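Me: Could you walk me through a few features of this model, one question at a time?

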Amino acid sequence: MQFDKLIDNFDKEHLLHPYTSPLMPLPALKVTSATGCCLVLSDGTALIDGTSSWWCALHGYNVPELNAALAAQLSRMAHVMFGGLTHEAAVALGKTLLGMVPKGLQRIFFVDSGSVAVEAALKMVLQYQLAQGSSEKCEIASIAGGYHGDTWNAMSVCDPVAGMHRLFKPLLPIRYFAPAPRCSFDDPWDEQDFAPMQELLQRRRHSLAAVIVEPVLQGAGGMRFYHPQYLRCLSEQCRTYGIKLIVDEIATGFGRIGRLFACEYAGICPDIMCIGKGLSGGYLPLAAVVTSEEIAQVLGHYAPQALMHGPTFMANPLACAVSNASCRLLLASPWQERVSHIEAQLKSLLYPLCSVPQVAHVRVLGAVGVVETYRPVKMREAMERLVSMGVWIRPLGRLLYVMPPFVISSAQLQQLCEAIAVVVQDPELFA
Ligand code: PMP
């Protein structure tokens, strides 16, 4: 296959793609259709998708149930504003979601992307503290190694040192970071792991409005799994100090790491949960901030008596309809078995790569398999090799990882893992 033939010249000259040079962009391969777990390129090549399109296409592509839900909604209406109006698609999705999230969360604020959900969640806690007369509680803490999105406040809580937004650090609001948890998911719990966060919370208890973390899996900041006990301690201590806990389940939600939400591993209910990505099964942009009755009550009782946020496409009916269909499809499917089957296969095929000299670490949880290498992957060369093996895997620095759709077959998953094995065994593909 010739890479050049898959590239669209207009695209190359005028359309900017993420995380690549505007002048010498990495190739952007033209996709003409996608079905099941395969992307079909403009020359007819089919690639097995190991990314779920940045972790959201839980059921794969061109899913009959989701197509039908979308078509049915489209025949009624594509969009109406959510200010002063509502619709059945939002109501139905709201009901479905309340049956899925931890019991203490009852209020849902729909937005159109994960980053905006993080923005709205941060705004919500700051407004909550102001409403309560605690204007000194205006700071936010997080943990190093995190990733929460690309908008301004979301960037401010991403890893400030090694994260992709570190360039902006001097311009962003000041946040407080505890070191990333070191105790991994399967390690025996070490009390000391929580000590730096404990110290931070104690020291800043009068000024912290909230802590925001990705639960159990730190995703785009490094794909590390940490111990659920950390989350349990965090939840307890936040409660003790009157600090709100925001849990960013945008990457982990909807079964990805073996529980519907990663919070369930710790048995906690946060004050606010951000969800996105898998919410719509990868069909349309939709995210949400889900919060407690208590926060809603406080916001409602004090001026301005409203959350001052309202994106144009908030609760878009098409997005809500397809999201509801996606959640229902997930709940009706044997997703736990599928995810544990994926986990077992990832373990058996990726763990042996630990002995490869390029490989620093291999880790697997649920439908996430990560091979960390010592040196960064040469993107262009690795991409070319991966595509030539019929797979779509997009490395992230020193990480080769897969987060496949839950409906992937064993043979397809094997092909993804074998492709990773080929890449890591070729020193030429590393910088
Ligand atoms: N939070 C987390 C944990 C994420 O993984 C992401 C996206 N990778 C975001 C927030 C931002 O979501 P979006 O790209 O939809 O803005």
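Me: Where is Pro357 found?
Reply: Happy to start there. This is a predicted model, where local features need pLDDT of at least 70, side-chain atom pairs count only at pLDDT 80 or more, and totals for chains, interfaces and linings use all residues. Residues are numbered from 1 along each chain as its sequence is written, and side-chain values use heavy atoms, with hydrogens and water left out. Helices (H or I, at least four residues) and strands (E, at least two) are DSSP runs numbered from the N terminus, and Pro357 sits in the loop between α12 (335–350) and β13 (359–365).

Me: Is Pro357 buried or exposed?
Reply: Buried means under 20% relative accessible area, exposed over 50%, and partly exposed in between (1.4 Å probe, protein chains only). Pro357 has 71% relative accessibility, so it counts as exposed.

Me: How does Tyr19 count by relative accessibility?
Reply: Tyr19 lies in the loop between α1 (9–14) and β1 (31–35). Because its relative accessibility is 48%, Tyr19 counts as partly exposed.

Me: Are α3 and α11 roughly parallel or antiparallel?
Reply: Axes are lines fitted to C-alpha atoms, for helices over the stretch in contact, and angles run from 0 to 180 degrees between N-to-C directions. Helix α3 (residues 64–76) and helix α11 (residues 317–332) pack at about 150 degrees, with axes 9 Å apart. Angles under 35 degrees count as roughly parallel, over 145 as roughly antiparallel, 65 to 115 as roughly perpendicular and the rest as oblique. So α3 is, relative to α11, roughly antiparallel.

Me: And how are α4 and α11 oriented to each other?
Reply: The axes of helix α4 (residues 88–98) and α11 come within 8 Å and cross at roughly 30 degrees. The two helices, α4 and α11, are therefore roughly parallel.
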